[in-house]
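Biologist: Can you walk me through this model? Keep it plain, and start with the terms.

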Amino acid sequence: MRTASRRVFLAQALGAAVAAGWMESCKSPATRRGTVFANAQRTGTLRVGIANEKPYGYIDGNGTLQGAMVELLKAVLAPYGITHVDAHIADFNALVPSLLANRIDVVGAGMFIRSSRCGSIAFSNPVSRIGGSFLVKKGNPKNLHRLGDVTRQPAVKIGTQPGVDQQQEVVRSGVTPEQIVLFSKDTEALAGLQAGRVDAIYFPSLEVNGLLATSGDAGLERADPFEQPLGSDGKSIYHYQAFGLRKEDTDLLAAINRSIATLLASGKLLRILGAFGYTASDMPSVGIGAAEICSEPEAG
């Protein structure tokens, strides 16, 4: 009886140990090590997702990580002892799924705060305010200065990227599906314009400036002037760029927001982003936060 009892006891103990181990294995790595922020402070490293697009986050010809959002993120994290940004490249529309799957810790691709995205992820307070622009052939042969010019010319084709805000604006403006050509990257859209597949490409103004500068193509120009589309309130649509995080990473979000506020107040935020073409007019107003932008109806 004593031997049988001992076997029962050992079996129960082993079962408990296995159960405990299984429960522990179900915990996320962040839970076992502490929060993502605490772990980043311990290791000095944070994983950031980029779309390999200028001027936001990209790998240059020398294999060096560059970009406006990358440099800003470094400055944001430095006060907390996080000195290394581990870049992970993905298509733009794969960045949020990568974040939610714990493959990255921050989206650093110049993503805009949108109420539809706010349901899935958290955003830092904004770091910029950006409008859109057309890139066209020299002389702007189709005379395109607003989305309405595209809708009035059924033969005109416009290119942009899936998942970006400009795609939504094009659709909401009444441009037909037959007129819209989607490219996986802005550089592919540029090649499409050069090849005559589209008459214009539509991206954030900074991105258009970067494409024009990088291409060195004298046969292209930014459409000037360009009239921003209007929202339901009758005001021009502008978008706010920010860092994207998982909703549970509240301490990391609070730390990032503290740094953004300090950099904005000191003028250093503009100095960092200014090296990549941002101007004072691209800076967000002091006091405007992600929560306020998330609560607003999406423009369009």
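Modeller: Contact means heavy atoms within 4.5 Å. Axes are lines fitted to C-alpha atoms, for helices over the stretch in contact, and angles run from 0 to 180 degrees between N-to-C directions. Helices (H or I, at least four residues) and strands (E, at least two) are DSSP runs, numbered from the N terminus.

Biologist: What kind of model is it, and how are residues numbered?

Modeller: This is a predicted model: local features need pLDDT of at least 70, side-chain atom pairs count only at pLDDT 80 or more, and totals for chains, interfaces and linings use all residues. Residues are numbered from 1 along each chain as its sequence is written, and side-chain values use heavy atoms, with hydrogens and water left out.

Biologist: How many helices and strands does the chain have?

Modeller: The chain has 13 helices and 14 strands. Of its 300 residues, 46% are buried. Buried means under 20% relative accessible area, exposed over 50%, partly exposed in between (1.4 Å probe, protein chains only).

Biologist: Now the open sheet. What is the strand order?

Modeller: The order is 10-9-11-8-12, in an open sheet of 5 strands with mixed pairing. Two strands pair if DSSP finds at least two bridges between them.

Biologist: Which strands are at the edges?

Modeller: Strand 10 (180-182) and strand 12 (220-222); each pairs on one side only. From one strand to the next, the twist averages 30°.

Biologist: And strand 11: which way does it run against strand 8, parallel or antiparallel?

Modeller: Antiparallel, with 5 bridges joining strand 8 to strand 11. L135 has I201 in strand 11 as its bridge partner. Strand 9 and strand 11 run parallel, joined by 2 bridges. There, I158 is opposite A200 of strand 11. Strand 11 is mostly covered, with 5 of its 5 residues buried.

Biologist: What about strand 9 with strand 10?

Modeller: Strand 9 (residues 158-160) pairs with strand 10 in the parallel sense, over 3 bridges. G159 sits opposite V181 in strand 10.

Biologist: Which strands does helix 8 lie across?

Modeller: Helix 8 (residues 165-172) lies across strand 8 (132-137), strand 9, strand 10 and strand 11 (200-204). Its angle to strand 11 is about 125°. Helix 10 lies across strand 8, strand 11 and strand 12, at about 120° to strand 11.

Biologist: Where do helix 9 and helix 10 meet?

Modeller: D186, T187, L190 and Q194 in helix 9 meet E207, L211 and S215 in helix 10. These contact residues divide into 2 nonpolar, 3 polar and 2 charged. Ala, Val, Leu, Ile, Met, Phe, Trp, Tyr, Cys and Pro count as nonpolar, Asp, Glu, Lys and Arg as charged, and the others, Gly among them, as polar. The axes of helix 9 (residues 186-194) and helix 10 (residues 205-215) come within 11 Å and cross at roughly 65°.

Biologist: Switching to helix 11. How does helix 4 cross it?

Modeller: The axes of helix 4 (residues 68-77) and helix 11 come within 9 Å and cross at roughly 105°. That makes helix 4 roughly perpendicular to helix 11. Angles under 35 degrees count as roughly parallel, over 145 as roughly antiparallel, 65 to 115 as roughly perpendicular and the rest as oblique.

Biologist: Which residues touch?

Modeller: L72, A75, V76 and L77 in helix 4 meet I256, S259, I260 and L263 in helix 11. By class, that contact has 7 nonpolar, 1 polar and no charged residues.
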